[in-house]
Amino acid sequence: MGVADLDLDLDLERASSPAPGPDPGGEPHVRSLTPAPGGPPLRAGALFALVRLRGRPVATVLTTVPDGADPADVLVAAFRAQYGQRAQRPSETGTLRPTPPRTTVVVATRERADRLGRALDSLLAQDHPDFRVVVVDNAPVTTATRELVAEVYADRVTYVREPVPGLAAAHNRGVAATDSPVVAFTDDDVVADPHWLSALTVPFAADPRTGCVTGLILPARLTTPAQVLLESHGGFAKGFAPRLWDPAAPPAGEPLFPFTAGSFGSGANMAFRTSALRAVGGFDPATGTGTPARGGDDLYAFVRILTAGHRLRYTPDALVWHHHRETWQDLRDQAYGYGAGLTAYLTAVLCRRPSLLPALLAKLPRGLAHARAITAHRPAETGTETPGTPGTPGAHGTHGHPWPLSLSRLERRGMLYGPLGYARARWGSR
């Protein structure tokens, strides 16, 4: 399946309030249509596309491009058919935007120098006015990463080494190397949109109460069944509507707040006010990939920032393209790790902040029901399949592609293991 990036110029007022006539919304102008970064050329067949309006992400569409058809025409028709129901209109922020604060971008990596170069190239092409990039080489066994930075990115990227294995330990090492008011994090398997860092950090300048900002993550490739299944299950994207979570005004529709950290964002696309992150002790080193806890380092940080009184924002304008894992075994490991990370981070929060135990216990019944729901087996839903494209995900976020029972069981097994994994990691760190 191809992955495309489509940018349109469209009269939003006419498109959202159609008048009678054969062409109520006006004819959109295609500003650009390109494959996702690192993806193959666009051709006939199934196509998953990000749609932008004047450069701002607003929707994804899934369609089939017939032989001989222009992919741009097919995507525009699919978008216009879905726009009123599925896409979010970009918010109007005016022409004046605050200057993004000085920022350090931290990329933790371990023995993946081939992928790291692609990520660094995209980071060095950012339109942010004042930033630096720090690569944290986590528990390396070879010198490949150090040599890459020294030979290709000398004087442009800072290299530091963290001997303790684990993503949280590597991130904490990056924070220690930070001298800027904002620190951003991404992974070595992403390609950042040129506007990513500016969009991710402007909210810190606009609102002094903002402690964390997360952004949009979309797939760079959908070429294997495992990648397709992960994206159909929801992937890493959190939608196209900006969100604000404020502990001073808890959201009425989220009774588990702030313990639904998975809805806030993901570690491949997040930034923190450095002083706020340091004040809560940074990331818990007994969480994260590379530890027995298997994950949860980002979720822990989100909850700690909120429980310290800071706001957390999600902005879809801050976009990175993620290279999903490719094999079935990768997906099995990921499902188990998600479950383990979920309960590991909750265990970490209670160990570090025992005062939160009453609030967590009060939400426990609903929390268990929520956990069962998010790990449930999902058969294909009637009406979500795309004609002519068997084996492809349904419209983004509908979970139209079936989620196997075996993966649901792995997620739940991971959830049972999470507290033990965290305990093992804490004991090992001693």
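**Strand pairing and packing**

A: Leu8 stands opposite Val30 in β2. The model is predicted: local features need pLDDT of at least 70 and side-chain atom pairs count only at pLDDT 80 or more, while totals for chains, interfaces and linings use all residues. Residues are numbered from 1 along each chain as its sequence is written, and side-chain values use heavy atoms, with hydrogens and water left out.

Q: Which residue stands opposite Leu8 in β3?
A: That residue is Leu53. Strand β1 (residues 2-9) is joined to strand β3 (residues 45-53) by 7 bridges, and the two run parallel. With strand β2 (residues 29-35), β1 pairs in the antiparallel sense over 6 bridges. Strands are DSSP runs of E with at least two residues and helices are runs of H or I with at least four, numbered from the N terminus; two strands pair if DSSP finds at least two bridges between them.

Q: What is the order of the strands in the open sheet?
A: The order of the 4 strands is β2-β1-β3-β4, with mixed pairing. β2 and β4 (56-65) stand at the edges with a single partner strand each, so one side of each has no neighbour in the sheet. From one strand to the next, the twist averages 25 degrees.

Q: How many residues of β1 are buried?
A: In β1, 7 of its 8 residues are buried. Buried means under 20% relative accessible area, exposed over 50%, and partly exposed in between (1.4 Å probe, protein chains only).

Q: Changing topic, which residues are buried in α4?
A: Helix α4 (residues 144-152) has Thr145, Leu148 and Val149 buried. Seen down the axis of α4, the buried residues fall within an arc of 90 degrees, so they line one face of the helix. That arc is taken from the directions from the helix axis to the C-beta atoms.

Q: And which exposed residues are on the face turned away?
A: Arg146 and Glu151 are the exposed residues carried there. The cover over the buried residues of α4 includes β5 (103-109), α3 (113-124), β6 (131-138) and β7 (157-162).

Q: Which residues touch the most other members of the largest nonpolar core?
A: They are Phe185, Phe272, Trp321 and Tyr345, in a core of 58 residues. Helix α9 (residues 297-307) supplies the largest share of this core, 7 residues. A second, separate core of 38 residues includes Leu148, Tyr153, Val190 and Ala318. A nonpolar core is a set of buried Ala, Val, Leu, Ile, Met, Phe, Trp, Tyr and Cys residues joined through side-chain atoms within 4.5 Å.

Q: One more: where is His323 found?
A: His323 lies in the loop between β13 (311-322) and α10.

Q: Is His323 buried or exposed?
A: His323 is buried, with a relative accessible area of 10%. Leaving aside neighbours within four places in sequence, His323 is in contact (heavy atoms within 4.5 Å) with Pro37, Arg118, Asp189, Val191, Ala220 and Arg221.

Technical notes
Axes fitted to C-alpha atoms, helices over the stretch in contact; angles between N-to-C directions.
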